[in-house]
Amino acid sequence: MDKKEKVTPLKIIYSKKTGKKISALTAYDFTFAQILDESGIDIILVGDSLGNVMLGYKNTIPVTNEEMVMHVKAVSRAVNRALIVADMPFGSFQNSSEAAVSNAVKLIKAGAEAVKLEGAEYIKTIKEIIKAGIPVMGHLGFVPQSVNALGYKVQGKEKQDANKIVNDAQALEKAGCFAIVLEMIPHDLAKIISKKIKIPTIGIGAGANCDGQIFVTYDMLGLYGNPPKFVKKYEDFNAKAKAAVKKYIEDINS
Ligand code: KIV
């Protein structure tokens, strides 16, 4: 993908044809979004992981559409090139397709260019959102909004579960999704899915054979205290920030 040209869902799909890997990270505020965009990231996800890392909730379930809208607005003010994808939070798409389209529209009006929706249980809703002109990214495997039902563990280890994830990926592709996040599934399964579907897979804890990768930025920069085991830490900014604040306090005291 051209480093200057605006990234669009069509270009993300095209990346798979050319073999260019897709880079994605999360951002929830102006400053981080600017850093990611200026660094050349392809996709910025305003993830509902903001519930954990920004708002201190124990999981993503309490996050509301209103909270998402506020963070999407901040991110969109900073971004010129990356594709901005916003998570549809728990409760924003389950009630009815009409409510889901209305909530997706709010995210798009706030500055998102696509939405991400967990699971393959709401195919009709996904089609309605796409019909409204809103690109949709899917999300399969471990889907954090269903942590109470699934438990926090790798999905698709058993043959039957693995087959379901493959079928779900094909159903999301058929429904018109432009990409699918695969979270915490066996690496071989991610490889099989990535070969079977024509739209790109974006992995998180799903091995190197996906068409792209995503991390929560606070995890890969070592800012968040409780990252998942599979995260590769590129920095330890938590320790660095604490050292800087301690130095500041010392300066004041002296
Ligand atoms: O909310 C989020 O940050 C996500 C990623 C973990 C894919 O959904």
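Guide: A residue is called buried when its relative accessible area is under 20%. The structure shown above is a predicted model, and the values discussed here are computed from it.

Visitor: Why does Asp48 count as buried?
Guide: The relative accessibility of Asp48 is 3%. The cut-off is under 20%, so Asp48 counts as buried. Asp48 lies in the loop between S2 and H3.

Visitor: With which residues is Asp48 in contact, leaving aside its neighbours within four places in sequence?
Guide: Contact requires heavy atoms within 4.5 Å. With those sequence neighbours set aside, Asp48 is in contact with Thr60, Val63, Met68, Asp87, Pro89, Glu118 and Gln145.

Visitor: Which residues does the UniProt annotation "binding site" cover together with Asp48?
Guide: In the unreviewed UniProt entry, one annotation of that name covers Asp48, Asp87 and Glu118.

Visitor: How do you know that these residues gather at one spot?
Guide: They span 71 residues in sequence, yet no two of their C-alpha atoms are more than 10.8 Å apart, so the conclusion is that they gather at one spot. Asp48, Asp87 and Glu118 from this set also belong to the lining of the largest pocket.

Visitor: What makes Glu118 a buried residue?
Guide: Glu118 has a relative accessible area of 6%. Glu118 is found in strand S4. When residues up to four places away in sequence are not counted, Glu118 touches Asp48, Phe93, His139, Val143, Pro144, Gln145 and Ser146.

Visitor: Which residues does UniProt list in the "binding site" annotation that includes Ser49?
Guide: That annotation, also from an unreviewed entry, lists Asp48, Ser49, Asp87 and Lys116.

Visitor: How do you know that they cluster in space?
Guide: They are spread over 69 residues of sequence, but the largest C-alpha distance among them is 12.4 Å. The lining of the largest pocket includes Asp48, Ser49, Asp87 and Lys116 from this list.

Visitor: Why does Ser49 count as buried?
Guide: Ser49 has 13% relative accessibility. The definition asks for a value under 20%, and Ser49 therefore counts as buried. The place of Ser49 is in the loop between S2 and H3. Leaving aside neighbours within four places in sequence, Ser49 is in contact with Thr26, Tyr28, Thr60 and Val216.

Visitor: What makes Lys116 buried?
Guide: The relative accessible area of Lys116 is 2%. Under the cut-off of 20%, Lys116 is therefore buried. Lys116 lies in strand S4. Beyond its neighbours within four places in sequence, the residues in contact with Lys116 include Leu45, Val85, Asp87, His139 and Val181.

Visitor: How much space lies in the largest pocket?
Guide: About 660 Å³ of space lies in the largest pocket. It is lined by 32 residues, of which Asn52, Pro144, Tyr152, Glu183 and Pro228 are the closest to its centre. Helix H3 (50-53), strand S4 (114-118), strand S6 (179-183) and strand S8 (212-215) are the elements that give two or more residues to this lining. By residue kind, the lining of the largest pocket divides into 16 nonpolar, 8 polar and 8 charged.

Visitor: How much space lies in the second largest pocket?
Guide: The second largest pocket holds about 400 Å³ of space. Among the 20 residues that line it, those closest to its centre are Gly119, Glu121, Gly141, Val143 and Leu150. Strand S5 (136-141) and helix H8 (159-175) each supply at least two residues of this lining, and H8 gives the largest share, 4 residues.

Visitor: How do you know that the end C-alpha distance of helix H4 agrees with what it should span?
Guide: The expected span is 1.5 Å times one less than the number of residues. For the 12 residues of helix H4 (residues 65-76) this should be 16 Å, and the end C-alpha atoms are 16 Å apart, which agrees. The buried residues of H4 are Asn65, Met68, Val69, His71, Val72, Ala74 and Val75. Their cover includes helix H2 (30-39), strand S2 (43-46), H3, strand S3 (83-87) and helix H5 (97-109).

Definitions and conventions: Residues are numbered from 1 along each chain as its sequence is written. This is a predicted model: local features need pLDDT of at least 70, side-chain atom pairs count only at pLDDT 80 or more; totals for chains, interfaces and linings use all residues. Side-chain values use heavy atoms; hydrogens and water are left out. On a 1 Å grid over the protein atoms alone, a cavity is a set of points where a 1.4 Å probe fits but cannot get out, and a pocket is an open set with protein on both sides within 12 Å along at least five of seven lines; lining residues have an atom within 4 Å of a point. Grid points are joined across faces, edges and corners, and a volume is the space filled by probe spheres set on the points. Ala, Val, Leu, Ile, Met, Phe, Trp, Tyr, Cys and Pro count as nonpolar, Asp, Glu, Lys and Arg as charged, and the others, Gly among them, as polar. Buried means under 20% relative accessible area, exposed over 50%, partly exposed in between (1.4 Å probe, protein chains only). UniProt positions are given in the numbering used here, feature names are shortened, and annotations may be inferred rather than shown by experiment.
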